[in-house]
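Open the model in your viewer and keep the selection tool at hand.

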Amino acid sequence: MDIIAQLEWRYATKKFDAERFLSAEQLETLTQAFNLTATSYGLQPLRLIVIQDKELQEKLVKFSMQQRQVADASHLLIFCIERTLKSPYVKEYFDNVKETRETPEEILAPFQEMLADKFDNQSKEETREWAVKQAYLAMGNLLTVCALEGIDACPMEGFEPSAFDEVLKLKEKGLESVLMMPVGYRAKDDMFAEFKKVRRPIEDTVIHW
């Protein structure tokens, strides 16, 4: 596969074909890729909401600046962060490390204690800012995976997170929505699909030493 050609092919899809849907295998690839995304400390302070419900998608359009991609896409992916990240969450992660890798507790304990202290004592705003950065990492990863799989996508910040949280009852799940990404197939009449990419010259963006 020509990776650069696929990245040239992708664009922020403005109009989806509402009659075409991702296969179960494609959706599985996206969810697995989300779960394999790199995150700081490996803590994965993220959850992915996957919506394939046209009635619900339509309801969310009014909280998305009337962007039709939300309703017409095959699926709507919503990137969420955990509302509470304290020492119990850190402990769950390290318990998973011990079980998965059979790493002795005495080796993990210093790192676990350091992270538990960090998240217990830093401000809620600092923790939230850190978690949001992890959501952007996950979205970037999925954008690339979509390109490689020939799946169209549109990364979005333009929506009302508080309204999404209320409609989807995310607060009860301990979550907060921060980003969303409709995925599916571009409509044949989406004129943006034929536009040339506008990027700075590579010599202006990459520095070699």
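Select Arg47 and Glu82: in this predicted model, their side chains form a salt bridge, 4.0 Å from N to O. Arg47 belongs to strand β1 (residues 46–51) and Glu82 to strand β2 (residues 75–82), so the pair links distant parts of the chain, 35 residues apart. Which of the two is buried? Glu82 counts as buried, at 16% relative accessibility, while Arg47 is partly exposed at 43%.

Next, select Glu176 and Arg128. The closest N and O atoms of this salt bridge are 2.6 Å apart. This pair also links distant parts of the chain: Glu176 is in strand β4 (residues 175–184) and Arg128 in helix α7 (residues 124–149), 48 residues apart. Glu176 is buried, with 16% relative accessibility, and Arg128 is partly exposed, with 38%.

Now go to helix α5, residues 87–101. Here Lys98 and Asp95 meet in a salt bridge of 3.5 Å, N to O. The two are three residues apart in the helix, which means a separation of about one helical turn. Asp95 is partly exposed, at 28% relative accessibility.

Finally, show the whole protein. A search of the structure finds ten salt bridges. There are 27 positive and 36 negative side chains, and the centres of the two sets lie 4 Å apart. Colouring by secondary structure brings up nine helices and four strands. Of the 209 residues, 42% count as buried.

Notes
Residues numbered from 1 in each chain as written. Predicted model: local features only at pLDDT ≥ 70, side-chain atom pairs only at ≥ 80, totals over all residues. Heavy atoms only, no water. Buried < 20%, exposed > 50% of the residue type's maximum accessible area, 1.4 Å probe, protein only. Lys, Arg positive; Asp, Glu negative; His and termini not counted. Charge placed at Lys NZ, Arg CZ, Asp CG, Glu CD.
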